[in-house]
Amino acid sequence: MAAVESLPPGTPSAMRNAFGTVLSALILVLIGVLAFSIRLFSVIKYESVIHEFDPYFNYRVTQFLSKNGIYEFWNWFDDRTWYPLGRVIGGTVYPGLTLTAGTIWWVLNAINIPLSVETVCVFTAPVFSAFASWATYLLTKEVKGSGAGLAAAALLAMVPSYISRSVAGSYDNEAVAIFALIFTFYLYIKTLNTGSLFYATLNAIAYFYMVCSWGGYTFIINLIPMHVLLCIVTGRYSPRLYIAYAPLVVLGTLLAALVPVVGFNAVLTSEHFASFLVFIIIHVVALVYYIKGILTPKMFKVAVTLVVSIGLVVCLIVVAVLVALVASSPTGGWSGRSLSLLDPTYASKYIPIIASVSEHQPPTWPSYFMDINVLAFLVPAGIIACFSPLSDASSFVVLYIVMSVYFSGVMVRLMLVLAPAACIMSGIALSQAFDVFTGSIKYQLSSKSKDDAEDNTSTKNAPKDDASSGKADKGEEVAKERLSKKGKKKEREPAEKPSVKSKIVKKKALVLPLEASIVALLLLIMLGAFYVIHCVWAAAEAYSAPSIVLTSQSHDGLHVFDDFRESYAWLSHNTDVDDKVASWWDYGYQTTAMANRTVIVDNNTWNNTHIATVGTAMSSPEKAAWEIFNSLDVKYVLVVFGGVIGYPSDDINKFLWMVRIGGGEFPHIKEADYLRDGQYRIDSEATPTMLNCLMYKLCYYRFVETDGKGYDRVRRTEIGKKHFKLTHFEEVFTSHHWMVRIYKLKPQKNRIRGRVKKLKQKTSSGVSSKSVKKNPWM
Amino acid sequence: MYNKTIVCVYAQDLLCSLHSAYLATPTNLKIHHYLIFLRSFYFLEHVSYMALVGSFSFNSFLFGVLSCTGTAFLAICLWIQVNKENKKFKDLAPKRAFADFVLSNLVFHLVIMNFFDRCPSPILNVVFMSCKNVV
């Protein structure tokens with residue numbers, strides 16, 4: 001780069017350089033537009049609506065922020081969820097996403113562009129994905145050059161794994177967090193390459209933004225120390241490494257401790273200990289290098305022996321103290337979620353809620369191909385390209401991809417962290433391949449024309465020397481072209497023939513035959529075309545469903561199932577503001593956001609016992625369930641039922657988790673009572689406990705009236721108990737396709753007839769004396 | 001006995017050579033080193049205080065410890081960048097290095113102010129609280 005900048009303007013190479021810069025800027029703008037528009041399929045196919053479950057919570061928080069301001073937001077205690085416990089929102093939410101969207105909304109409204117909060121929330125993710133692809137360009141440029149940067153940015157704009165979590169409407173933490181992740185890594189590499197304290201400060205601030213946005217920031221604070229350790233161990237310690245790492249740890253830990261969610265966890269939990277340990281190690285190494293610099297070698301050896309003997313004793317003491325501290329906590333200082341990453345079987349043994357979320361399951365092999373497609377086999381080529389030559393930056397990228405491949409194998413959700421790494425590697429691989437092929441083509445073409453020209457000249461004294469020097473010329477120019485960035489520098493300086501001959505002999509070996517290069521180029525372009533086609537298909541068909549509106553194609557056109565919003569609207573119009581609604585925790589966020597009613601449990605799942613209470617109620621017979629719900633002041637119970645239209649994610653399919661989680665806390669719920677031959681069945685072979693439980697009754701009440709036989713389309717059988725009445729609940733609403741059913745708790749009877757009451761007392765005392773010890777609710 | 005005397009002799013030689021090599025560093029850097037040493041000393045003092053008395057206000061413990069370490073390490077970074085013997089930083093102007101140092105210290109102190117929650121004198125306490133709220 002320095003050689004080019006010193007050239008006077010107006011020369012051909014400076015012009016070409018300027019042209020190259022403009023071209024790459026234009027390409028970056030187009031990549032940004034591409035990243036934005038490929039995520040708009042759901043807005044076009046359905047409408048501008050917020051998807052799924054978690055985004056509704058973020059949307060509600062953003063609404064609160066925009067209405068009440070930031071001080072109220074920090075101090076907000078939400079009493080409309082987890083009744084009667086409530087939830088401290090200010091201290092338990094990652095504020096990055098909501099603050100970002102709130103700021104954008106505020107800025108736009110301040111300059112008189114009146115966008116609603118919902119529009120800002122829906123389109124935040126596509127905008128930040130454009131930023132993320134630009135950050136990928138910057139990061140890959142630091143590693144390998146701007147050609148690779150452009151390729152990586154183009155790949156990231158379209159990779160399906162990232163699209164799945166950042167479509168327009170998916171207003172979740174990852175939308176902003178992936179941009180923060182890539183940007184933090186870019187600033188780290190930039191600091192490593194330049195050794196400037198300015199970039200180190202910016203790096204710490206970008207890390208702060210990442211901590212604000214997502215719980216996955218622990219990936220950064222463990223990956224960077226690992227890389228520093230790797231550099232030290234492979235002998236690549238340099239002062240730039242120190243400047244890149246030390247301010248990040250100090251400033252970064254402080255900034256992380258400022259975020260209320262993290263708080264003192266930033267210095268107390270095991271997830272951060274790696275950074276402190278490597279901090280100490282890098283200081284020891286720095287001290288060793290400093291002393292080595294000012295001492296003679298003989299003295300240095302003496303110093304080493306002295307220090308090692310004393311230092312070893314000190315180290316052992318410190319390590320013993322640390323181990324005692326760590327072992328005193330039952331999980332060794334790690335949180336449950338992090339521990340389930342390190343030991344994939346941990347969650348299924350100890351925390352069934354984490355195990356029950358479908359996003360936390362390990363991925364299948366086809367999902368790798370679905371999510372990163374062509375990149376899956378470009379990545380190894382990229383890894384090899386990173387090793388020649390190996391620099392600090394390229395070793396970091398290799399470490400990043402290895403770690404992210406491991407973690408993506410543990411949880412499907414973490415395929416998202418693999419996507420940027422895969423794009424960077426594939427960008428490097430593609431760019432190197434293109435360089436070699438185009439260089440070969442140029443060399444072959446120009447050498448053919450040069451051979452024709454030289455055959456005509458026969459007046460030179462040493463034709464062999466001239467031919468070889470001519471080839472040396474071409475070889476050196478071609479070598480320079482191959483090493484240059486894509487289409488930017490073309491230095492046509494006349495070669496110094498004898499001195500560069502040795503270099504040329506080596507580089508000539510990289511030239512491939514002309515036909516092979518052309519065919520390979522065409523194949524690479526076709527590969528890119530297949531990738532694009534797959535990504536567009538995935539974005540349009542697979543990842544654009546808002547899951548709050550369902551559609552299905554049938555012979556008589558498109559059916560739209562809008563039952564969820566219909567029922568939430570019914571709830572908000574036909575119930576009192578203070579009425580409590582009980583449902584399974586999946587629907588908590590949507591109920592509070594759209595129906596504006598207080599719920600008992602929601603998607604935050606922070607209190608296992610509360611969820612187990614609801615699960616127990618759903619699995620108990622009607623009277624017991626009524627008692628439980630009455631003790632929680634519940635007025636309405638909401639169940640989701642897919643048997644009429646064949647919607648597979650309904651509450652009957654989730655029932656096994658209700659039983660498991662409820663049975664984990666309340667031992668009178670035994671899973672074996674609900675199983676026949678090890679399966680949950682609802683047909684005539686079902687166990688009597690199953691046929692009497694509240695979930696069965698609420699789902700299948702009056703179901704036989706739909707088709708006369710009670711055929712459940714999801715379970716593909718007829719139901720077991722068809723005609724029954726509800727004694728403690730009354731049905732108040734069933735949506736159009738029977739997907740959501742709402743029931744009201746019947747109030748207790750005012751009086752019971754005298755004689756019957758006495759008899760009831762005798763019989764109930766006789767019957768319930770057996771079960772009163774086991775069942776805490778009766 | 002023989003080994004011990006040899007070790008002692010070696011230790012003395014080592015200290016002598018360290019001392020003489022250290023004298024060779026220019027004066028401005030020595031000031032740097034003194035400040036860094038001072039800060040490390042305060043850090044150790046703070047940690048031992050906490051170990052003795054207990055970490056009642058974890059906020060103030062963090063504030064004390066991390067302000068010492070932070071300024072110390074940022075000073076080390078400046079030292080690295082300013083040291084004339086360091087080949088890799090020849091093209092970095094000392095003024096630019098100092099400006100970076102000032103900026104990073106500014107950000108660092110903005111952040112550390114948020115941890116400051118108590119002060120011996122009540123008057124100073126009020127002053128610092130108002131500063132903190134402004135920040």
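A salt bridge is a side-chain nitrogen of Lys or Arg within 4 Å of a carboxyl oxygen of Asp or Glu. In this predicted model, the structure holds 21 salt bridges over all chains.

One of them joins E541(A) to K45(A), with the closest N and O atoms 4.0 Å apart. The pair links distant parts of the chain, since E541(A) sits in helix α27 (residues 514–542) of chain A and K45(A) in helix α3 (residues 41–45) of chain A, 496 residues apart. K45(A) is partly exposed, at 41% relative accessibility.

Another salt bridge is formed by D78(A) and R60(A), where the closest N and O atoms are 2.9 Å apart. Here strand β1 (residues 77–78) of chain A supplies D78(A), and helix α4 (residues 54–68) of chain A supplies R60(A); the two residues are 18 residues apart. D78(A) is buried, with a relative accessible area of 2%, and R60(A) is buried as well, at 11%.

R413(A) and E174(A) also meet through their side chains in a salt bridge, at 2.8 Å from N to O. R413(A) lies in the loop between α23 (392–410) and α24 (415–456) of chain A, while E174(A) belongs to helix α11 (residues 173–194) of chain A, so the pair ties together parts that are 239 residues apart in sequence. R413(A) counts as partly exposed at 22% relative accessibility, whereas E174(A) is buried at 0%. Both residues belong to a network of salt bridges that links R165(A), D172(A), E174(A) and R413(A).

Leaving aside residues up to four places away in sequence, E142(A) touches Y186(A), I189(A), K190(A), N193(A) and A393(A).

Chain A is divided into domain 1 (188–193 + 205–333) and domain 2 (559–745). Their C-alpha centres lie 51 Å apart.

Strands β3 (residues 550–554) and β4 (residues 557–561) of chain A run antiparallel and are joined by five bridges. They form a hairpin with two residues between them, and Q553(A) stands opposite L558(A) in β4(A).

An open sheet of five strands in chain A has the order β6-β5-β7-β13-β12, with mixed pairing. Its edge strands are β6 (598–599) and β12 (729–734) of chain A. Within this sheet, β7 (residues 634–640) and β13 (residues 740–745) of chain A pair in the antiparallel sense over five bridges, and V640(A) has V740(A) in β13(A) as its bridge partner. Helix α28 (residues 563–574) of chain A lies across β5 (580–582), β7, β12 and β13 of chain A, at about 25° to β13(A).

Methods. Residues are numbered from 1 along each chain as its sequence is written. Chains are lettered from A and ligands numbered from 1 in the order in which they are written. This is a predicted model: local features need pLDDT of at least 70, side-chain atom pairs count only at pLDDT 80 or more; totals for chains, interfaces and linings use all residues. Side-chain values use heavy atoms; hydrogens and water are left out. Two strands pair if DSSP finds at least two bridges between them. Helices (H or I, at least four residues) and strands (E, at least two) are DSSP runs, numbered from the N terminus. Domain bounds come from an automatic or database domain assignment. Contact means heavy atoms within 4.5 Å. Axes are lines fitted to C-alpha atoms, for helices over the stretch in contact, and angles run from 0 to 180 degrees between N-to-C directions. Buried means under 20% relative accessible area, exposed over 50%, partly exposed in between (1.4 Å probe, protein chains only).
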